[in-house]
Amino acid sequence: MEPKPRRQPLRIVVPSRNDPLLRNLTEGIGGPLGRHTAPGVVTPGFFTVERVLILLTTAAALLAVLVKMPCRTGGWTSPDHFYQACYSDWPVLFESRGLAQGVFPFLTPDAAFEYPVLLGLLAGAVALLVPGGGSQERALAYFDINAVLAVLAWIATVVATLRMANRRPWDAAMVALAPAMILSVFINWDIWAVLLAALGMLAFARSRPVLAGVLLGLGTALKLYPVLILGAVLVLALRTMRLRPAFQALGGAAAAWLVVNVPFMVADFTGWKYFLTFTEERPAGYSSVWFAWNVLAERWGAAQADAGFITFWAYFLFAAACAGIALLGLAAPRRPRLAQLAFLIVAAFILTNKVYSPQFVLWLIPLVALARPRWLDFLIWQFFEVLHWWAVWMYLGALTSGGPAQNNIDAPYYVWAVAGHVLATAWLMAQVASDILVPARDPVRRLGIDDPQGGPFDHAPDRFRLRRRRQTATIEEAGTP
């Protein structure tokens, strides 16, 4: 009896072979990687994919620090921190919200903080690490400590994305090297929500729905968007009729969110709900479609949208988008992947929301790497996001400076930059929707791969699918000869 042939390890995808853009770009350095290198089979030595991506992320983090150097050396003062494009919320909030004077959000009585509970606790905890000294030195120390922690969260996000990507670990390089990530990671604490969302998806990919729910619930206690990923879980649960994992994830998320929030709701309900009140009553935020409309309306002499109008229509349009995404997921010829649906939902939220801050792009970068891992599409989208990132600082500098006109950007150019960001994101959503409708276009689903992030839904058969009824009338039914 002949021995059975030894099963070889599953090879990883080589970007220089698989991605059309990277394949063409490698012609000048010898062309795509040869087949005899056998990625995933030949031992790489020290430079594993994970270690290389960690090194790339570290290099990108150094570039991110260079972006902020004008403010690190000269301080965060208006309008210079806009014109120099080195603005960060960290030192500004450190001074303006009393963190420098010992105020601890949600623990200090009557201390209003316009962010969710977990983010407030993070901001206060980091402030405790700041050494004594002058005001400017302490603000710089607060920035630097937050930056170091943000880099660690960034590296962890890259590793989590790599481990979710199955045979495509190099797709996590999009998270490591994204230009918008380099430019925006040090603006606010959003990278922590991105990390918790990525860890939650990784836990779900490993069929641990309760842990996934807990991580997503903690992410929601820091920023709202991670809870939206559960919408994708619900759609796939309906498609497969495997409802238990969805209920477990929802239960874990609700429990984690309540554990974080209930103590502060009981201790100081007014302070706890300030975030919700602030969000509901605030007008259109910079760079949202609503703000762009108001800028144009002011120039045209038309009526501007007030906070109540924007709040209603933002919720309505997002709900309508979610309904459309659910119909797409339930009617597609093949069950969509979790990352595809999650990207569509989060992107719809970003486009319809009344606020769009430059750092919100961080929410989408890992989802794009998993949902549409094509470098050409990714770089086109990133180009418009970087263009918007620069335009918003120039526009804010114009609003706050009153300086010479040649230093400022005119409102129409700013609106065009916002339109570019919106259209590029919508175009990327259309690409993902096309992959869902035509699964053969999906670069992830090759060699029997179904849904690397799907966990309990991976390779699950369809149990429920919306189908258009075809009416076939026979001669007898029509009553014609």
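The largest nonpolar core of this predicted model has 149 residues. Tyr-142, Trp-154, Phe-343 and Trp-393 have the most contacts inside that core. Helix 7 supplies the largest share of the core, 15 residues.

**Around Phe-343**

**Helix 7 with helix 10**
- Helix 7 spans residues 135-164, and helix 10 spans residues 190-205.
- Their axes come within 9 Å and cross at roughly 25°.
- Angles under 35 degrees count as roughly parallel, so helix 7 is roughly parallel to helix 10.
- The crossing of helix 7 past helix 10 is left-handed.
- On helix 7, the contact residues are Leu-149, Ala-150, Ala-153, Trp-154, Ala-156, Thr-157, Ala-160, Arg-163 and Met-164.
- On helix 10, they are Ile-191, Trp-192, Val-194, Leu-195, Ala-198, Leu-199, Met-201 and Leu-202.
- By class, this contact of helix 7 with helix 10 has 15 nonpolar residues, one polar and one charged.

**Helix 6 with helix 7**
- Helix 6 covers residues 117-128.
- Helix 6 packs on helix 7 at an angle of about 120°, with the axes 9 Å apart.
- That angle makes helix 6 oblique to helix 7.
- Helix 6 passes helix 7 in a right-handed crossing.
- Ala-123, Val-126 and Ala-127 of helix 6 meet Tyr-142, Ile-145, Asn-146 and Leu-149 of helix 7.
- The contact of helix 6 with helix 7 comprises six nonpolar residues, one polar and no charged ones.

Note on methods:
Residues are numbered from 1 along each chain as its sequence is written. This is a predicted model: local features need pLDDT of at least 70, side-chain atom pairs count only at pLDDT 80 or more; totals for chains, interfaces and linings use all residues. Side-chain values use heavy atoms; hydrogens and water are left out. Axes are lines fitted to C-alpha atoms, for helices over the stretch in contact, and angles run from 0 to 180 degrees between N-to-C directions. Helices (H or I, at least four residues) and strands (E, at least two) are DSSP runs, numbered from the N terminus. Angles under 35 degrees count as roughly parallel, over 145 as roughly antiparallel, 65 to 115 as roughly perpendicular and the rest as oblique. A crossing is left-handed if the near helix is turned anticlockwise from the far one by less than a right angle, and right-handed if clockwise. Contact means heavy atoms within 4.5 Å. Ala, Val, Leu, Ile, Met, Phe, Trp, Tyr, Cys and Pro count as nonpolar, Asp, Glu, Lys and Arg as charged, and the others, Gly among them, as polar. A nonpolar core is a set of buried Ala, Val, Leu, Ile, Met, Phe, Trp, Tyr and Cys residues joined through side-chain atoms within 4.5 Å. Buried means under 20% relative accessible area, exposed over 50%, partly exposed in between (1.4 Å probe, protein chains only).
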